[in-house]
Amino acid sequence: MVVPMGAFPAVRMRRMRRDAFSRRLMREHTLTVDDLIWPVFVLEGQGRSESVASMPGVERVTLDRLLPLAERAAKLGIPAIALFPVVPPEKKSWGAEEAWNPDGLVPRVVAALKRAVPELGVITDVALDPYTAHGQDGLIARDDPTGYVLNDETVAALTKQALAHAAAGADVVAPSDMMDGRVGAIRQALDAAGYSHVRILAYAAKYASSFYGPFRDAVGSAANLGKGNKYTYQMDPANSDEALREVALDLEEGADMVMVKPGMPYLDIVRRVKETFGVPTFAYQVSGEYAMLVAAAQNGWLDRRACVLEALLGFKRAGADAVLTYFALEVAEWLREGG
């Protein structure tokens, strides 16, 4: 860091803040539409939309209703969309077999999106929690009273899921499960199947956070998980050095991009990852962060537009190259209007 020379009154820091033009000239970070990834929840069926009570303004939608929204996102310049399926109870199972069904919801939605809006990047979530009867991100032995998630068996299932998404046309597969070794297994399988161009966005530093509640409501896994937790595979919120080990391992195994999740409570992790590795580093402004901002704005306690833009700029300042945010569509509109 360069130590500023001089002293008051010769040096007046406010001088450069006096006018908009000089504030713009010295602005260190800028939020643009290129920084946005839009997470969406997709339903089975046709002509349906369901509001997510804990995420006001967010809806689960069927494919026919998603397509015009995706076209709008592309026209606004949003680079990519991230898909999260809402799987009906009858398709959930102990072994999560629906996760790699080539005719399942996600492969059908991916194929339709790539036909309709080929320029829009499509990112798919590789995790089993929408598909398991118990709501965990991995497989559990039926006779295990502790409910411990099996690592290697889960990795094998995730690999099949990633291959099904790639075959449907996914541009990016995003393992979010935090199983050990899954990035390497998926990369090897994709390459062997001729999908070497498919990118991997690894949720490399995903914490066992309390900010995920509204998301679990949205995808319908909260009821299945019940009083269970994910402490045995997601990271301890108290740990920082461990995140660097996790990121290093995923990069060694072939990850093209890495994710820190949640976002705002973990900006220090975003900064450490970016400074240490210098790789594409994303952050997820998770459902709890969204819900807090929206609730405060609805109560008149915060200015929605100003605070959302400030929060996203904070991700950029911390070092994030892109942010998954449920505000993506409206932020893109705001940025088109001039911020």
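Close-up 1. R182 is buried, because its relative accessible area is 1% (buried means under 20%, exposed over 50% and partly exposed in between, with a 1.4 Å probe and protein chains only). The model is predicted: local features need pLDDT of at least 70, side-chain atom pairs count only at pLDDT 80 or more, and totals for chains, interfaces and linings use all residues. Residues are numbered from 1 along each chain as its sequence is written, and side-chain values use heavy atoms, with hydrogens and water left out. R182 lies in helix 5 (residues 182-192). Helices (H or I, at least four residues) and strands (E, at least two) are DSSP runs, numbered from the N terminus. Leaving aside neighbours within four places in sequence, R182 is in contact (heavy atoms within 4.5 Å) with V155, L158, P175, D177, Y203, D250 and E253. T62 is 120 residues from R182 in sequence and 30 Å from R182 in space, C-alpha to C-alpha.

**Close-up 2. The largest nonpolar core.** This core has 109 residues. A nonpolar core is a set of buried Ala, Val, Leu, Ile, Met, Phe, Trp, Tyr and Cys residues joined through side-chain atoms within 4.5 Å. F41, L66, I81, Y284 and V331 touch the most other members. Strand 1 (residues 36-43) gives the most to the core: seven residues. Beyond its neighbours within four places in sequence, L66 is in contact with V40, V42, V61, I81, L83, V109 and L113.

**Close-up 3. Helix 2 against helix 3.** The axes of helix 2 (residues 63-75) and helix 3 (residues 105-116) come within 10 Å and cross at roughly 40°. Axes are lines fitted to C-alpha atoms, for helices over the stretch in contact, and angles run from 0 to 180 degrees between N-to-C directions. The two helices are therefore oblique to each other (under 35 degrees counts as roughly parallel, over 145 as roughly antiparallel, 65 to 115 as roughly perpendicular and the rest as oblique). L63, L66, L67, A70 and E71 in helix 2 meet R108, V109, A112, L113 and A116 in helix 3. These contact residues divide into eight nonpolar, no polar and two charged.

**Close-up 4. Helix 11 against helix 12.** The axes of helix 11 (residues 304-318) and helix 12 (residues 328-337) come within 11 Å and cross at roughly 95°. That makes helix 11 roughly perpendicular to helix 12. R304, R305, V308, L309 and L312 in helix 11 meet E330, V331, W334, L335 and E337 in helix 12.

Technical notes
Nonpolar A, V, L, I, M, F, W, Y, C, P; charged D, E, K, R; others polar.
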